[in-house]
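Please walk through the fold of this protein and the surroundings of its ligand.

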Amino acid sequence: MTEGAVRWVAWVPGMAAPRLLYVCGLSGDIQAVQVDRVRRAVKGAGREREGASMRLEGKTVLVTAAGQGIGRAIALAAAAEGARTIATDIAPEKLADMGGGIETHPLDVTDGAAVTAFAGRLGRVDALCNIAGFVHHGTILEATEAELDSAFDLNVKSMFRTIRAFLPGMMAAGRGSIVNMASVASNLKGVPFRAVYSTTKAAVIGMTRAVAADAISTGVRCNAIAPGTVQSPSLDERIATFDDPVQARRDFIARQPLGRLGTAEEIAALAVHLAADESAYTTGAVFIADGGITL
Ligand SMILES: NC(=O)c1ccc[n+]([C@@H]2O[C@H](COP(=O)([O-])OP(=O)(O)OC[C@H]3O[C@@H](n4cnc5c(N)ncnc54)[C@H](O)[C@@H]3O)[C@@H](O)[C@H]2O)c1
């Protein structure tokens with residue numbers, strides 16, 4: 001099993017309500033979780049993998065920006081957990097080799113009409129994972145207003161569009177989970193050369209909590225994930241732009257107290273948890289997975 005994944009390790013019988021214990025691979029914490037369909041989840045005692053694969057069974061999960069990096073890892077993890085998974089990206093060629101029974105569709109989340117039309121064709125989803133985002137490098141003095149507008153369009157307004165398109169269906173069904181990709185570079189931590197990016201990711205967290213509050217009585221949940229630096233193709237591209245890419249990578253790693261970059265799979269494990277019913281009591285939360293940056 002992937003390092004950092006949530007692992008089912010035991011079923012505790014004899015309680016008023018059945019509970020599963022799991023070890024969170026990120027924190028090492030052992031937590032007890034009540035699961036609605038626990039019998040199905042533990043079907044086939046001793047077959048841990050099958051038990052784990054039931055966590056998103058019967059659910060439809062939509063992922064934006066699933067062509068690479070964290071979005072791709074989330075789509076693969078959702079499919080591995082039994083979800084009907086729809087992977088979208090502005091660059092369809094990046095989706096060509098998704099495999100795993102994953103449905104793929106081109107979708108530019110900065111195109112409001114395309115998002116609305118796509119939602120109309122797809123219908124209701126159980127989980128919406130808003131992953132699209134772009135890192136602008138620079139201080140506020142180095143950024144232009146056009147760059148701020150562009151970053152808001154992709155990092156914030158994209159989620160505004162998709163949530164408005166899919167939330168009504170979730171509310172009508174009385175259930176649903178929205179997972180928004182934020183960052184610790186936001187209101188959570190002042191990070192040098194991330195003025196525009198941090199502004200947009202703070203807005204993502206604000207939107208997440210506002211949507212959670214507005215939807216609280218409808219059965220729909222909305223949470224955010226705030227990663228530290230995670231290995232991804234776009235990180236490699238950013239590092240390649242430095243005069244000394246080797247030193248730049250060392251510097252990225254050095255700012256992570258855990259001494260390494262995160263993996264997309266570790267972030268995907270959180271997204272699966274938030275999409276699944278096991279997190280049914282969690283809404284408006286911001287899950288930080290940052291290698292200790294905000295300690
Ligand atoms: N990688 C990190 O260190 C890190 C850290 C914190 C947060 N994040 C956030 O995680 C998310 C994913 O980052 P990543 O680095 O894993 O991925 P990435 O930047 O490597 O890939 C981004 C994907 O988004 C797609 N995309 C770009 N514009 C799009 C659009 N208009 N519509 C649809 N798709 C579009 C690209 O084709 C690409 O497949 C982003 O929101 C990012 O801000 C990343």
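Helices and strands here are DSSP runs numbered from the N terminus, a helix having at least four residues and a strand at least two. In these terms, helix H3 (69-80) and helix H7 (233-240) each contribute at least two residues to the shell around the ligand. The model is predicted, and its protein chain has 9 helices and 10 strands.

The shell around the ligand has 30 residues, and those that come nearest are Ala-65, Gly-67, Gly-69, Gly-133 and Ser-234. Sorted by class, the shell is made up of 16 nonpolar, 11 polar and 3 charged residues.

Ala-65, one of those nearest residues, sits in the loop between E4 and H3. Is Ala-65 buried or exposed? Ala-65 has 28 other C-beta atoms within 10 Å, so it is buried, the cut-off for that class being 20 or more. The backbone of Ala-65 also deserves a look. Most residues other than glycine have a negative phi. Ala-65, however, has a phi near 55 degrees, a positive value.

Next comes the sheet. An open sheet is formed by 7 strands in the order E6-E5-E4-E7-E8-E9-E10, and the pairing is parallel. Which strands stand at the edges? They are strand E6 (103-106) and strand E10 (286-289); each has a single partner strand, so one side of each is left without a neighbour in the sheet. From one strand to the next, the twist averages 15 degrees.

One pairing can be followed in detail. Strand E4 (residues 60-63) pairs with strand E5 (residues 84-89) in the parallel sense, over 4 bridges. Within this part of the sheet, Val-63 has Ala-87 in E5 as its bridge partner.

Helix H5 (residues 145-173) lies across strand E7 (127-130), strand E8 (176-181) and strand E9 (220-227). Relative to E7, helix H5 runs at about 170 degrees.

The next topic is packing. Of the 295 residues of the protein chain, 42% count as buried. Among contacts with a separation of 6 or more, 65% are accounted for by residues 24 or more positions apart. The largest nonpolar core has 71 residues, of which Ile-74, Ala-78, Cys-129, Ala-271 and Ala-275 touch the most other members. Helix H9 (residues 264-275) gives this core its largest share, 9 residues.

What does Ala-271 contact beyond its neighbours within four places in sequence? Its partners are Ile-74, Cys-129, Val-179 and Ile-225.

Ala-226 belongs to strand E9. Ala-226 counts as buried because it has 26 C-beta neighbours inside 10 Å. Leaving out residues up to four places away in sequence, Ala-226 touches Ala-182, Ser-183, Val-184, Ser-186, Leu-188, Val-286, Phe-287, Ile-288 and Asp-290. Ala-226 can also be placed relative to Ile-267: the two are 41 residues apart in sequence, with 8.9 Å between their C-alpha atoms.

The remaining residues include some in loops. Thr-139 has its place in the loop between E7 and H5. Thr-139 has 11 C-beta neighbours inside 10 Å, and therefore counts as exposed, since that class takes in residues with 12 or fewer. Setting aside neighbours within four places in sequence, Thr-139 is in contact with Phe-193 and Ala-195. Along the chain, Thr-139 and Ala-195 are 56 residues apart, yet their C-alpha atoms are separated by 5.3 Å.

Phe-193, one of the contacts of Thr-139, lies in the loop between E8 and helix H6 (195-215). Phe-193 is partly exposed because 15 other C-beta atoms lie within 10 Å. Although Phe-193 is not a glycine, its phi is positive, at about 65 degrees.

Gly-120 lies in helix H4 (residues 112-122). Where does Gly-120 fall, buried or exposed? Gly-120 has 9 other C-beta atoms within 10 Å, so it is exposed. Gly-120 and Ala-165 are 45 residues apart in sequence, and 8.1 Å separates them in space, C-alpha to C-alpha.

How values were computed: Residues are numbered from 1 along each chain as its sequence is written. This is a predicted model: local features need pLDDT of at least 70, side-chain atom pairs count only at pLDDT 80 or more; totals for chains, interfaces and linings use all residues. Two residues are in contact if their C-beta atoms, placed from the backbone, lie within 7 Å. A residue is near a molecule or strand if its C-beta atom, placed from the backbone, lies within 6 Å of it. Ala, Val, Leu, Ile, Met, Phe, Trp, Tyr, Cys and Pro count as nonpolar, Asp, Glu, Lys and Arg as charged, and the others, Gly among them, as polar. A nonpolar core is a set of buried Ala, Val, Leu, Ile, Met, Phe, Trp, Tyr and Cys residues joined through C-beta atoms within 7 Å. Two strands pair if DSSP finds at least two bridges between them. Axes are lines fitted to C-alpha atoms, for helices over the stretch in contact, and angles run from 0 to 180 degrees between N-to-C directions.
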